[in-house]
Amino acid sequence: MTEASGAPDAGIEPVITKIGRFSDHDESVAGWCHMEHALELVGTRSAMILLREIYYGERRFDDLARHSGLTEAVTSQRLKRLVDAGLLQRHPYREPGRRTRHEYVLTDLGRSLFPVFVALMDWGARLGGEGGVELVHADCGSPLGAVVRCAEGHDVGLSDTAARFVSDGEREVL
């Protein structure tokens, strides 16, 4: 699609359509793109692997480091960043005769990343390879998949998506 008119170019698959002030914008959105901000936080392999292990139920540092295959230094650094960003909380625990340590527990913000995790797992499975882990619905056993929906409940594909500027919490009217 052409950016300004939304008309399809011959032989080109439609993608996201820029609308409103965004359709005339020809500068980089770097630095204030929501996706870019999210990737700064969880866009590393180590951050996502630690979140994977926490989604699988691991909570303690030693278990997270062992199951993730990350060094203790990287595990410590990434967990601190995830706590500082509000995706995880540290909860103290103490085993008899030992010093107090901390478990890492998902916050609501950390739980809200779950659909992205499901989408990455699904996409990774499409890349091929044998075996692996499949996420399924605990009640019926069917595989999980991520779906993009608008606030009105419509499933939305790439070519049905439009992008517009949002400034100071206000959206442009279509």
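**Close-up 1. The lining of the second largest pocket, sorted by residue class.** In this predicted model, the lining of the second largest pocket is made up of 7 nonpolar, 5 polar and 3 charged residues. The pocket itself has a volume of about 330 Å³, and among the 15 residues that line it, those nearest its centre are Met121, Gly124, Ala125, Val133 and Glu134.

**Close-up 2. The largest pocket and the elements around it.** The volume of the largest pocket is about 1100 Å³. Its lining consists of 24 residues, and Ile16, Met35, Val148, Thr161 and Ala162 are the ones closest to the centre of this pocket. Two or more lining residues come from each of the elements α1 (34-42), α6 (114-126) and β4 (162-163). When the lining of the largest pocket is divided by class, 17 residues are nonpolar, 3 are polar and 4 are charged.

Close-up 3. Arginine 60 and glutamate 103 form a salt bridge in which the closest N and O atoms are 3.1 Å apart. Because arginine 60 sits in the loop between α2 (45-55) and α3 (61-68), while glutamate 103 belongs to strand β3 (residues 101-106), the pair ties together parts that are 43 residues apart in sequence. The two partners can also be described by their accessibility: arginine 60 has a relative accessible area of 26% and is partly exposed, whereas glutamate 103, with a relative accessible area of 14%, is buried, since buried means under 20%.

Close-up 4. The side chains of lysine 80 and aspartate 84 are joined by a salt bridge, with a distance of 2.9 Å from N to O. Both residues belong to helix α4 (residues 72-84), where lysine 80 and aspartate 84 are 4 residues apart, which is about one turn of the helix. Lysine 80 is exposed, having a relative accessible area of 52%, and aspartate 84 likewise counts as exposed, at 56% relative accessibility.

Close-up 5. In total, the structure holds 9 salt bridges, including the pair of arginine 60 and glutamate 103 and the pair of lysine 80 and aspartate 84.

Technical notes:
Residues numbered from 1 in each chain as written. Predicted model: local features only at pLDDT ≥ 70, side-chain atom pairs only at ≥ 80, totals over all residues. Heavy atoms only, no water. 1 Å grid on protein atoms, 1.4 Å probe; cavity = no way out; pocket = protein on both sides within 12 Å on 5 of 7 lines; lining within 4 Å. Points joined across faces, edges and corners; volume = space filled by probe spheres on them. Nonpolar A, V, L, I, M, F, W, Y, C, P; charged D, E, K, R; others polar. Salt bridge = Lys/Arg side-chain N within 4 Å of Asp/Glu carboxyl O. Buried < 20%, exposed > 50% of the residue type's maximum accessible area, 1.4 Å probe, protein only.
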